[in-house]
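Please examine the sequence and the three-dimensional model below.

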Amino acid sequence: MDLKQGKRTLRVLSLASFLNDFGAEMIYPIWPFFVTTVLKANMSALGFIDGLGDAMVALSQGGAGYLSDKFRKRKIFIWLGYLCGATARVGYAFTTSWVMLIPFRALDRAGKIRAAPRDAMIADLSFRHNRGENFGILRMADNFGGVCGIVACILFLNLIGRHSLFLIAAIPSLLGVIMIIFTIKDSPPKPGNVFRGITFNEITPNLRLFFFLSAIFTLATFSYSFLLIYAQKVGFHLTMIPVLYLGYNLIASFCSIPFGKLSDRYGRKTVLLIAFILWGLVCGTILCKLSMWSVVVALAFFGMHKGAFETAQKAFVSELSPQVFRASCLGYYQMIIGICALPASVIAGVLWDKVGMTAPLYFSVALTIIASVLLFFVHERNYDAV
């Protein structure tokens, strides 16, 4: 892919990502309250539904990454993923119990089949000196789309019913589907890059260790829904929750490119360690004192954590992976952390219900420390010259 075409592809992928997150984030600020208040689920059920969604992310990304490498196709997985998300939101609009949410939540998160092929496409069109920045641009588009979606949620929430909001949220993703189908082309495979299936031995010790510590860290990171419930517990009115969520997304959006550039200059490990520390500050802030101000500060740290972690992790995995297996490794990475996300949210929900609302935070801090120590033993290395 030449430089001009690469820049055009990055712009289109970023705009489609913006549109999809615009639709998704129209419903995410009210999601935990829709599940627990309207559909009468407890915290354990909320943790199960959120965790199930993350597990579907895992399975879909692992399979999509493998198939994308096998058939040397990226585009079809990207637009199908956006279509799944749009379809699921239509389904949410007609649910009357939390049990009915399960198949639509699974379909929604199965839409993440787009992620590994899309990330591999961005990694392929990038060079070592700008790969982190390009992933940062994508994350900024994601997060800025989220910001616009949250603003729309705030504006529309009091004007239309919550169920109608789900229907409106499907429209931006459908626009992204149309854009991908008509403007993106798959690049032909490089000479000699014949897919023959990845074996365990071809996953380097560095990458295996990073997979392992990422699994541990994922067990520490419960769903964002819990932070919004904390906000409600300390007295924030439901109409203020989307505003808090907006602030978190703004911070994540503005931090993505700077953290991407920081990882290009000082290394992926440095930024990932910063991300781990920021997550520890999220938990520590609430543990020190549960109040309105501590929740606000925690959400700010959470935004910075997202901006750092989601930018550096994908660049790191793509550089620790052989180019011919890049989408597979990215998919397997997402599969591993997604599988761990199901017990993470379930454990957090059970600890909340059975032990206390701060118990998930202590559990999270302990695992974050373990993951941070293991990160020091991972060595940065490039497999390709691009």
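Why does serine 256 count as buried? The relative accessibility of serine 256 is 0%, so this residue counts as buried; the term means under 20% relative accessible area, whereas exposed means over 50% and partly exposed lies in between, with a 1.4 Å probe and protein chains only. This is a predicted model, in which local features need pLDDT of at least 70 and side-chain atom pairs count only at pLDDT 80 or more, while totals for chains, interfaces and linings use all residues. Residues are numbered from 1 along each chain as its sequence is written, and side-chain values use heavy atoms, with hydrogens and water left out.

Serine 256 belongs to helix H11, residues 241–266. Helices are DSSP runs of H or I with at least four residues, strands are runs of E with at least two, and both are numbered from the N terminus. The side chain of serine 256 reaches the backbone oxygen of alanine 252 at 2.8 Å. This is judged as a polar contact, a pair of N or O atoms within 3.5 Å; within protein, one must be able to donate a hydrogen and the other to accept it, and residues adjacent in sequence count only if both atoms are side-chain atoms. Apart from neighbours within four places in sequence, serine 256 is in contact with Gly136, Arg139, Met140, Asn143, Gly307 and Thr311, where contact means heavy atoms within 4.5 Å.

Helix H11 also holds serine 263. Serine 263 has a relative accessible area of 0% and is therefore buried. A polar atom of the side chain of serine 263 lies 2.7 Å from the backbone oxygen of glycine 260. With neighbours within four places in sequence left aside, serine 263 is in contact with Gly132, Arg268, Val271 and Ala312.

How do H11 and helix H12 pack? The axes of H11 and H12 (residues 268–288) are 6 Å apart, at an angle of about 135 degrees. Axes here are lines fitted to C-alpha atoms, for helices over the stretch in contact, and angles run from 0 to 180 degrees between N-to-C directions. H11 and H12 are therefore oblique to each other: angles under 35 degrees count as roughly parallel, over 145 as roughly antiparallel, 65 to 115 as roughly perpendicular and the rest as oblique. On the side of H11 the contact is made by Phe259, Gly260, Leu262, Ser263, Asp264 and Tyr266, and on the side of H12 by Arg268, Thr270, Val271, Ile274 and Leu278. The residues of this contact divide into 6 nonpolar, 3 polar and 2 charged. Ala, Val, Leu, Ile, Met, Phe, Trp, Tyr, Cys and Pro count as nonpolar, Asp, Glu, Lys and Arg as charged, and the others, Gly among them, as polar.

Phe226, Ile229, Tyr230 and Lys233 in H10 meet Ser345, Ala348, Gly349 and Trp352 in H14.

The next topic is aromatic rings. The structure holds 17 aromatic pairs; rings of Phe, Tyr and Trp (its six-membered ring) pair if their centres lie within 6.5 Å, and planes under 30 degrees apart count as stacked, over 60 as edge-to-face and the rest as tilted. The ring centres of phenylalanine 217 and phenylalanine 309 are 5.4 Å apart and the planes stand at 55 degrees, so the pair is tilted. This pair links distant parts of the chain, with phenylalanine 217 in helix H9 (residues 205–220) and phenylalanine 309 in helix H13 (residues 292–320), 92 residues apart. Both phenylalanine 217 and phenylalanine 309 are buried. Elsewhere, ring pairs link Trp31, Phe34, Tyr92 and Phe166 into a cluster.

Isoleucine 180 lies in helix H8, residues 162–183, and is buried, with a relative accessible area of 0%. Residues up to four places away in sequence aside, isoleucine 180 touches Val12, Leu13, Ala16, Lys75, Ile78, Trp79 and Tyr82.

Is lysine 40 buried or exposed? Lysine 40 is exposed, with a relative accessible area of 67%, and lies in the loop between helix H2 (31–38) and helix H3 (43–71). Most residues other than glycine have a negative phi. Lysine 40 has a positive phi of about 65 degrees although it is not a glycine.
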